[in-house]
Amino acid sequence: MTPLVRVLWDAAADRTLGLPSYETAGAAGADIRANLPEDIRGEGFVLAPMERRVVPTGLSVEIPAGYEIQVRPRSGLALKHGITLPNTPGTIDSDYRGPLGVLLVNLGAEPYTIRHGDRIAQLIVAPVVQARFEVTDALGATSRGSGGFGSTGSA
(Lines give C-alpha, C1' and ligand atoms only; values in the text may rest on other atoms or scores of the structure.)
Protein backbone atom coordinates (compact mmCIF):
# COMPACT_ATOMS: atom_id res chain seq x y z
CA MET A 1 0.00 0.00 0.00
CA THR A 2 1.34 3.43 -0.94
CA PRO A 3 1.39 5.81 2.04
CA LEU A 4 -0.49 9.09 1.63
CA VAL A 5 1.21 12.24 2.87
CA ARG A 6 -1.31 15.03 3.26
CA VAL A 7 0.00 18.51 2.45
CA LEU A 8 -1.21 21.89 3.68
CA TRP A 9 -0.07 25.06 1.91
CA ASP A 10 1.14 27.88 4.14
CA ALA A 11 -0.96 31.05 3.76
CA ALA A 12 1.71 33.01 1.83
CA ALA A 13 3.06 30.08 -0.21
CA ASP A 14 3.37 30.23 -3.99
CA ARG A 15 1.16 27.28 -4.97
CA THR A 16 2.30 27.41 -8.60
CA LEU A 17 5.53 25.67 -7.54
CA GLY A 18 3.60 22.47 -6.99
CA LEU A 19 3.94 19.69 -4.48
CA PRO A 20 7.09 17.62 -3.92
CA SER A 21 7.51 15.40 -6.96
CA TYR A 22 9.45 12.38 -8.18
CA GLU A 23 11.38 13.49 -11.27
CA THR A 24 11.81 9.99 -12.73
CA ALA A 25 9.89 6.71 -12.49
CA GLY A 26 12.68 5.12 -10.41
CA ALA A 27 13.34 8.07 -8.10
CA ALA A 28 13.42 7.25 -4.38
CA GLY A 29 13.25 10.91 -3.36
CA ALA A 30 10.66 13.55 -4.18
CA ASP A 31 12.25 16.91 -4.93
CA ILE A 32 11.11 19.82 -2.77
CA ARG A 33 11.46 23.46 -3.76
CA ALA A 34 12.39 26.70 -2.02
CA ASN A 35 9.16 28.67 -1.54
CA LEU A 36 10.53 32.05 -0.53
CA PRO A 37 8.69 34.95 1.08
CA GLU A 38 7.10 37.25 -1.47
CA ASP A 39 9.47 40.16 -0.76
CA ILE A 40 12.58 38.17 -1.87
CA ARG A 41 11.10 35.93 -4.58
CA GLY A 42 12.64 38.03 -7.34
CA GLU A 43 16.24 38.02 -6.13
CA GLY A 44 16.40 35.05 -3.75
CA PHE A 45 19.05 35.14 -1.05
CA VAL A 46 22.77 34.42 -0.85
CA LEU A 47 24.10 31.57 1.24
CA ALA A 48 27.70 32.50 2.10
CA PRO A 49 30.42 29.85 2.51
CA MET A 50 29.87 27.98 5.81
CA GLU A 51 26.55 29.75 6.37
CA ARG A 52 23.51 27.74 7.48
CA ARG A 53 19.93 28.78 6.86
CA VAL A 54 16.47 27.27 7.06
CA VAL A 55 14.80 27.59 3.67
CA PRO A 56 10.99 27.66 3.68
CA THR A 57 9.05 25.24 1.46
CA GLY A 58 5.58 26.72 1.91
CA LEU A 59 4.28 23.38 3.16
CA SER A 60 3.23 21.55 6.27
CA VAL A 61 2.71 17.79 6.12
CA GLU A 62 0.71 15.05 7.80
CA ILE A 63 2.74 11.86 7.66
CA PRO A 64 0.89 8.61 8.37
CA ALA A 65 1.63 6.87 11.67
CA GLY A 66 4.42 4.33 11.24
CA TYR A 67 6.31 6.49 8.70
CA GLU A 68 8.78 9.36 8.69
CA ILE A 69 10.05 11.69 5.99
CA GLN A 70 13.83 11.83 5.62
CA VAL A 71 15.17 15.07 4.15
CA ARG A 72 18.30 14.47 2.11
CA PRO A 73 20.63 16.64 0.02
CA ARG A 74 20.47 16.78 -3.76
CA SER A 75 23.68 15.29 -5.13
CA GLY A 76 24.07 17.84 -7.93
CA LEU A 77 23.95 20.80 -5.52
CA ALA A 78 26.45 19.07 -3.25
CA LEU A 79 28.88 18.21 -6.05
CA LYS A 80 28.71 21.44 -8.05
CA HIS A 81 28.29 24.01 -5.27
CA GLY A 82 28.88 22.37 -1.86
CA ILE A 83 25.24 22.90 -0.84
CA THR A 84 24.11 20.17 1.54
CA LEU A 85 22.23 19.51 4.77
CA PRO A 86 24.25 19.65 8.01
CA ASN A 87 21.98 17.11 9.73
CA THR A 88 21.50 14.68 6.90
CA PRO A 89 19.27 12.90 6.79
CA GLY A 90 16.92 15.21 8.61
CA THR A 91 13.86 13.50 10.06
CA ILE A 92 10.28 14.72 10.05
CA ASP A 93 8.29 12.69 12.57
CA SER A 94 4.71 11.61 11.91
CA ASP A 95 3.39 13.71 14.79
CA TYR A 96 4.95 17.01 13.58
CA ARG A 97 2.48 19.45 12.01
CA GLY A 98 4.49 22.68 11.70
CA PRO A 99 5.99 24.37 8.66
CA LEU A 100 8.50 22.31 6.69
CA GLY A 101 11.84 24.10 6.38
CA VAL A 102 15.04 22.68 4.94
CA LEU A 103 18.29 23.43 6.79
CA LEU A 104 20.97 24.08 4.16
CA VAL A 105 24.68 24.76 4.58
CA ASN A 106 27.14 26.05 1.99
CA LEU A 107 30.33 24.01 2.27
CA GLY A 108 31.62 25.47 -0.99
CA ALA A 109 34.21 28.19 -1.44
CA GLU A 110 31.83 30.62 -3.19
CA PRO A 111 28.56 32.27 -2.16
CA TYR A 112 25.52 30.53 -3.66
CA THR A 113 22.15 32.11 -4.42
CA ILE A 114 19.03 30.21 -3.45
CA ARG A 115 16.23 31.26 -5.78
CA HIS A 116 12.49 30.94 -5.47
CA GLY A 117 11.45 27.59 -6.93
CA ASP A 118 14.91 25.97 -6.77
CA ARG A 119 14.89 22.26 -6.00
CA ILE A 120 16.78 22.29 -2.69
CA ALA A 121 16.40 18.79 -1.21
CA GLN A 122 14.67 15.47 -1.62
CA LEU A 123 12.12 13.80 0.61
CA ILE A 124 12.17 10.07 1.30
CA VAL A 125 9.06 8.54 2.87
CA ALA A 126 10.21 5.57 4.97
CA PRO A 127 8.68 3.13 7.46
CA VAL A 128 9.63 3.50 11.10
CA VAL A 129 10.14 0.72 13.62
CA GLN A 130 10.17 1.73 17.27
CA ALA A 131 12.28 -0.64 19.36
CA ARG A 132 12.09 -1.44 23.02
CA PHE A 133 15.19 -0.83 25.12
CA GLU A 134 16.15 -2.85 28.18
CA VAL A 135 19.17 -3.11 30.42
CA THR A 136 21.11 -6.38 30.38
CA ASP A 137 24.12 -7.79 32.24
CA ALA A 138 25.91 -8.94 29.04
CA LEU A 139 25.78 -8.56 25.26
CA GLY A 140 25.93 -11.39 22.73
CA ALA A 141 29.39 -12.10 21.25
CA THR A 142 30.26 -11.35 17.58
CA SER A 143 33.40 -11.73 15.49
CA ARG A 144 33.81 -7.93 15.48
CA GLY A 145 33.36 -7.54 19.19
CA SER A 146 33.75 -4.04 20.60
CA GLY A 147 35.95 -2.67 17.79
CA GLY A 148 35.11 0.98 17.17
CA PHE A 149 35.55 3.35 14.24
CA GLY A 150 37.57 1.79 11.43
CA SER A 151 37.75 -1.59 13.12
CA THR A 152 36.46 -3.50 10.09
CA GLY A 153 39.47 -2.61 7.91
CA SER A 154 40.70 0.13 5.61
CA ALA A 155 39.28 -0.94 2.27
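Trainee: In which strand does P99 lie?

Mentor: P99 lies in strand 8, which covers residues 99-106. Helices (H or I, at least four residues) and strands (E, at least two) are DSSP runs, numbered from the N terminus. The model is predicted, with local features needing pLDDT of at least 70 and side-chain atom pairs pLDDT 80 or more, while totals for chains, interfaces and linings use all residues. Residues are numbered from 1 along each chain as its sequence is written, and side-chain values use heavy atoms, leaving out hydrogens and water.

Trainee: Why is P99 called exposed?

Mentor: Buried means under 20% relative accessible area, exposed over 50%, and partly exposed in between, with a 1.4 Å probe and protein chains only. P99 has a relative accessible area of 54%, so P99 counts as exposed.

Trainee: What does P99 touch?

Mentor: Not counting residues up to four places away in sequence, P99 touches D10, L59 and S60. Contact here means heavy atoms within 4.5 Å. The C-alpha atoms of P99 and V61 are 7.8 Å apart in space, and these residues are 38 apart in sequence.

Trainee: What makes A11 exposed?

Mentor: A11 has 87% relative accessibility and therefore counts as exposed. A11 sits in the loop between strand 1 (6-9) and strand 2. From A11 to G58 is 47 residues in sequence and 8.1 Å in space, C-alpha to C-alpha.

Trainee: What pattern does the protein follow along the sequence?

Mentor: The pattern is β-β-β-β-β-α-β-β-β-β-β, made of 1 helix and 10 strands.

Trainee: How do you know that the protein is more spread out than a compact globule?

Mentor: The radius of gyration is taken over C-alpha atoms, and the globule rule is 2.2 Å times the number of residues to the power 0.38. For 155 residues the rule gives 15 Å, and the protein has 19 Å, well over that value, so the protein is more spread out than a compact globule. Along the principal axes, the C-alpha atoms fill a box of roughly 60 × 40 × 30 Å.

Trainee: What share of the residues is buried?

Mentor: Buried residues are 33% of the 155 residues. As for contacts between residues at least 6 apart in sequence, 69% of them join residues at least 24 apart.

Trainee: Why is the link between R74 and D31 called a salt bridge?

Mentor: A salt bridge is a side-chain nitrogen of Lys or Arg within 4 Å of a carboxyl oxygen of Asp or Glu. The closest N and O atoms of R74 and D31 are 3.6 Å apart, so the pair meets the definition. R74 lies in the loop between strand 5 (67-72) and helix 1 (75-81), and D31 in strand 2 (residues 30-33), so the pair ties together parts that are 43 residues apart in sequence.

Trainee: What is the N to O value for D31 and R119?

Mentor: The side chains of D31 and R119 meet at 2.8 Å, N to O, in a salt bridge. This pair also links distant parts of the chain, with D31 in strand 2 and R119 in strand 10 (residues 119-127), 88 residues apart. Salt bridges that share partners join D31, R74 and R119 into one network. The count for the protein is 2 salt bridges.

Trainee: Why does D31 count as buried, and why is R119 partly exposed?

Mentor: D31 has 8% relative accessibility and therefore counts as buried. The relative accessible area of R119 is 30%, so R119 is partly exposed.

Trainee: Which residues is R119 in contact with?

Mentor: Leaving aside neighbours within four places in sequence, the contacts of R119 are E23, D31, I32, R33, R74 and L77. The C-alpha atoms of R119 and R74 are separated by 8.1 Å, and the two residues are 45 apart along the chain.
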